[in-house]
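Please open the model in a viewer and keep the sequence at hand.

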Amino acid sequence: MITSQKVSQTFHTQRVTIFNLTQLHKGYKINEMCTSLRSSTNRAAYSADEESYMLRFNLSEREKELVRKRDWNGLINAGGNIYCLMKLGFVVHHGLYHMGAQMRGEDFETFMASRNGKGAR
Amino acid sequence: MARIVAGIGTSHVPSIGGAYDRHAQNSRDWKPLFDAYIPVRKWLADLRIDHVIVVYNDHVGDFTFDKYPTFAVGCSDGYDIVDEGKGIRPLPKVRGDFDFSRALCESLVSSEFDITMCARMSVDHGFLVPMHLCFDPNPDWPVTATPLEVNVLLHPLPTPARCYRLGQALRCAVESYPKDLRIAVIGTGGLSHTLQGPDFGVMDPEFDKRFLDLIERDPSALAQMSCRDLMESGAGSEGIEVIMWLVMRGALSASVRRVHRNYYGPMTTGMGLIALEETPGSGV
């Protein structure tokens, strides 16, 4: 069933960011803003005016720039939790697989072509 | 007396929920997943399950990182469906059993598991996907349920050994409950997946198959590992949620019979299933 070499490469904890209290402390504002997007009213406000929305959560200029660039690895490194960031992804039309392809350094089509059953999405 | 009659380990991948809502169960790439649950649903119906304890993790749907419990138990007559960022899924509200939850909390705390007790909880895909894979929610859920939420997101996480012992405490709690309830415990999450960084999408089918073997036959070997060991031996960073299967397995006896098993890894997560049945009269 599992055939693609690209799917089963070796996992190294050195290559991921373990989400711990240090990361949460660092990325608190990013996560707080993303968490607020559970509300449809807030999602509409975000879509209407991203800059004002970031201002409301007092993001630093560096954090704002990561959001503007949709730099998902940068946001993870800045303390963002992936499940919080996914809520931002929904609003800015970057689904999880788009986010993932970017984090791997691939385009979306290359990433999808590496999957065993891409209809299961 | 209440009795645990079945244990299930199952993935709770959110895209399964999306496929269910779109009625895509029979599409080419989803069929191998959904078909595996057809006999599981029948088996559970034949076992006449009254109540389900769902060991799951929230994905910042209801619980936020401002205050983050390690173990939390729902103590309500019902549980709403949470908006995870894409709107609320069209599923009936989950029916709870307050009396059972209260007795469960009393027993767990007396067993020195100092759980967070929640008068109000809303549930996300971590809870709902396993529930609608195992039970038909239409027109209403055929069972009541207790959500047992575990921190698998914010490290430090509970150790695998702690999860296994929580399962053993769950069994004691169930067996001290006076009503004749037939109970299933569902451990959810996994199997291998990593959802961040350059290793996004890495799965390890060999790890997953070994995990399915061990959870059935030698769970104490898994319970002896650390979270880091589990992640590095193939679970991946987000796949560490497999520790929740150990809660389920700890609640079952050594002499369970495996009735179903499935594995499918189409996209970014190894989707595992195991169904275990207690043999009548088996002890811990």
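**A tour of salt bridges**

Begin by selecting Arg102(B), which is partly exposed at 37% relative accessibility (buried means under 20% relative accessible area, exposed over 50%, and partly exposed in between, with a 1.4 Å probe and protein chains only). This is a predicted model, in which local features need pLDDT of at least 70 and side-chain atom pairs count only at pLDDT 80 or more, while totals for chains, interfaces and linings use all residues. Residues are numbered from 1 along each chain as its sequence is written, chains are lettered from A and ligands numbered from 1 in the order in which they are written, and side-chain values use heavy atoms, with hydrogens and water left out.

Asp99(B) and Arg102(B) form a salt bridge, their closest N and O atoms lying 3.9 Å apart (a side-chain nitrogen of Lys or Arg within 4 Å of a carboxyl oxygen of Asp or Glu). Both belong to helix H4 (residues 98-110) of chain B, three residues and about one helical turn apart; helices (H or I, at least four residues) are DSSP runs, as are strands (E, at least two), numbered from the N terminus.

Next, select Arg171(B) and Glu278(B), whose side chains meet in a salt bridge of 3.1 Å, N to O. Arg171(B) lies in helix H6 (residues 160-175) of chain B and Glu278(B) in the segment after strand S11 (271-277) of chain B, so the pair ties together parts 107 residues apart in sequence. Both Arg171(B) and Glu278(B) are buried.

Finally, turn to chain A and select Glu51(A), Glu61(A), Glu65(A) and Arg68(A), which salt bridges with shared partners join into one network.
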